[in-house]
Amino acid sequence: MIRGESPMLVMKGEMASGQKWAIEKEIVVIGRGEECDVILPERPVSRLHAEIRREGNRYLLRDLDSKNGTYLNGQDIDGPVPLQDGDEIQVALRVRLLFVGADATLPLVLSDTRGLGLRLDKVGRRVWVRGQELTPPLSVAQYRVLELLYDAQGRVCSRDEIVAVVWGEEEAAGVTEQAIDALVRRLRDRLAELDAEQQYVVTVRGHGFRLENRA
């Protein structure tokens, strides 16, 4: 463990696990644009997506009218919200950032393991079902849907959220409900290869999908 001198953002997930940014400025901008302080080169992320602003001893997170939203601990934010040590920021439901307070200790290794029927290795984009690795690997689109549902921890994810993480804002207009249903059906079929008894991806009619991940 190491102790930070200023608050930090630590990336979680398969893209760059452990990558860190110190929050040393009064305003730190997060987005896809090269002018941002925290650059996240992912299509669902807006050019100027969100900011963290220091006000006295507090740090406030604010969405910058992004296309796909900013979430704090799984909740869509509306207006500035204060950050606390250990909070998880989700940018466009694609990138996960851990907020580590100035007086907190920072883990050198971040892991995401759960004693459940389905487990993800986000560094290698590998999936285990009932202790067996799913091979061949899921397609990129299938994996992104599964990761979205996995991170939601039982929360219902809307079709719009799925479109945002799979196709991104530039292609969203042309995505049909049939395309989403076909993608989810293929994902279910792949998971059933190793566990046909449990329905992991559950349809919540009129709302979206959620992950049923029992031990």
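No disulfides were counted in this predicted model. Cysteine 36 has a relative accessible area of 7% and is therefore classed as buried, the cut-off being under 20%. Cysteine 157 is likewise buried, at 0% relative accessibility.

The largest pocket holds about 260 Å³. Its lining consists of 17 residues, and those nearest the pocket centre are Lys67, Asn68, Gly69, Asp160 and Ala164. Helix H2, spanning residues 159–166, supplies four residues, the largest share of this lining. By class, the pocket lining comprises six charged, seven nonpolar and four polar residues.

Two cavities of 30 Å³ or more were found. The volume of the largest cavity is about 90 Å³. Its lining includes the arginines Arg94, Arg96, Arg144 and Arg155, together with Glu147 and Asp151. Gln90, Leu93, Leu148, Ala152 and Val165 also line the largest cavity. Helix H1 (residues 140–152) contributes five residues to this lining, the most of any element. Six of the residues lining the largest cavity are charged, four are nonpolar and one is polar.

How values were computed
Residues numbered from 1 in each chain as written. Predicted model: local features only at pLDDT ≥ 70, side-chain atom pairs only at ≥ 80, totals over all residues. Heavy atoms only, no water. Disulfide = S-S within 2.5 Å. Buried < 20%, exposed > 50% of the residue type's maximum accessible area, 1.4 Å probe, protein only. 1 Å grid on protein atoms, 1.4 Å probe; cavity = no way out; pocket = protein on both sides within 12 Å on 5 of 7 lines; lining within 4 Å. Points joined across faces, edges and corners; volume = space filled by probe spheres on them. Helix = DSSP H or I, 4+ residues; strand = E, 2+ residues; numbered from the N terminus. Nonpolar A, V, L, I, M, F, W, Y, C, P; charged D, E, K, R; others polar.
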